[in-house]
Amino acid sequence: MALSVVVVIALKALRRNAMRTSLTALGIIIGVAAVIVMVAIGAGAQASIEGQIRSAGSNIVTVSAGSGGFGPVRQGQGAVTTLTADDAAAILRELPGIRYLSPGLNTRSQLVSQASNWNAQVQGTGADLPAIRSWPMEFGAFFTEQDVTRAARVLVLGAVARDQLFGGGVDPTGATVRIRNQPFRGTGVLSRKGQAAMGQDQDDTAIVPYTTVQKRILGVQHVMSITVSAEDGIPLDGLSQQITALLRTRHRTQADDQDDFTVRTLEEMASVLTSTTETMTWLLAS
């Protein structure tokens, strides 16, 4: 039987059962569209996560205090105080391939300006943070290494904190913001970055030298984290292993003891988040 005859017979059968044909076609269309939409949603979510992670910076390795076992008590990140600025200096001095480095120490506090007040995260960092995070300024300039050395009372505001304290679009450079009754001079405002991969608003912050947080706000000697930005072409897994070995030596960790710090790369965090998204996408599509 010729192909043309088969086609004619098929068309006549479809016209004879128009309702059944329409319902069958509608089912196929809905099914295919549902699969396309689910895969597109998953791909969009994955792209969004990757974009948020890229906004945190490039070639980054983060060292966090904690995740150690001390006798029967196991302590998570931020629960121990063995990580210091001297550890950060040793990493920068002894390991090759490091472009920028910033110790970190965070707290929350009420920020008070002449016209308003706002509770926000206060981040203590080094002067290299804008370079590590690829975070340009909207107004003014970031504080300098000299400000870090002398624990100066200077701060850089995120866009959300600026909006709450001074109003949208205002340049507060030179203005005074009080933190725990201490006056801080504003040096600038960072451009907007939006939400981080874990959901927190990166712009709702005030950034000051980490030494200022240590000496003038919290009265401590340790740091909570060390953020390292590697040069292009440096394998982050290898750098993580070198950092781990150096810190174990500096902390005099015995061979059978667990680390009292945690080393993570953005690649590891991206892998976990994107693998979860892929799993959900294929589950919904199936």
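Visitor: Is Val160 buried or exposed?
Guide: This is a predicted model. In it, Val160 has 18% relative accessibility, and since buried means under 20%, Val160 counts as buried.
Visitor: Where is Val160 found?
Guide: Val160 lies in helix H6, residues 159–166.
Visitor: And what does Val160 touch, leaving out residues up to four places away in sequence?
Guide: Val160 touches Arg192, Asp201, Asp203 and Asp204. As for Val189, 29 residues separate it from Val160 in sequence, and the C-alpha to C-alpha distance is 9.8 Å.
Visitor: Switching to H8. How many residues does it have, and what is its reach?
Guide: H8 covers residues 236–250, which is 15 residues. From first C-alpha to last it reaches 21 Å, close to the 21 Å expected at 1.5 Å a residue.
Visitor: Which residues in H8 are buried?
Guide: Leu236, Leu239, Ser240, Ile243, Leu246, Leu247 and Arg248 are buried.
Visitor: What comes just after H8?
Guide: Arg252 is there, with a positive phi of about 55°.
Visitor: How do H3 and H8 cross?
Guide: The axes of H3 (residues 85–94) and H8 come within 11 Å and cross at roughly 130°. The two helices are therefore oblique to each other. The crossing is right-handed.
Visitor: Which residues make that contact?
Guide: From H3, Asp86, Asp87, Ala90, Ile91 and Glu94; from H8, Ile243, Leu246, Leu247 and Arg250.
Visitor: What's the breakdown by class?
Guide: The contact of H3 with H8 has five nonpolar residues, four charged and no polar ones.

Note on methods:
Residues numbered from 1 in each chain as written. Predicted model: local features only at pLDDT ≥ 70, side-chain atom pairs only at ≥ 80, totals over all residues. Heavy atoms only, no water. Helix = DSSP H or I, 4+ residues; strand = E, 2+ residues; numbered from the N terminus. Expected span 1.5 Å × (residues − 1). Buried < 20%, exposed > 50% of the residue type's maximum accessible area, 1.4 Å probe, protein only. Axes fitted to C-alpha atoms, helices over the stretch in contact; angles between N-to-C directions. Parallel < 35°, antiparallel > 145°, perpendicular 65-115°, else oblique. Left-handed = near helix turned anticlockwise from the far one by under 90°. Contact = heavy atoms within 4.5 Å. Nonpolar A, V, L, I, M, F, W, Y, C, P; charged D, E, K, R; others polar.
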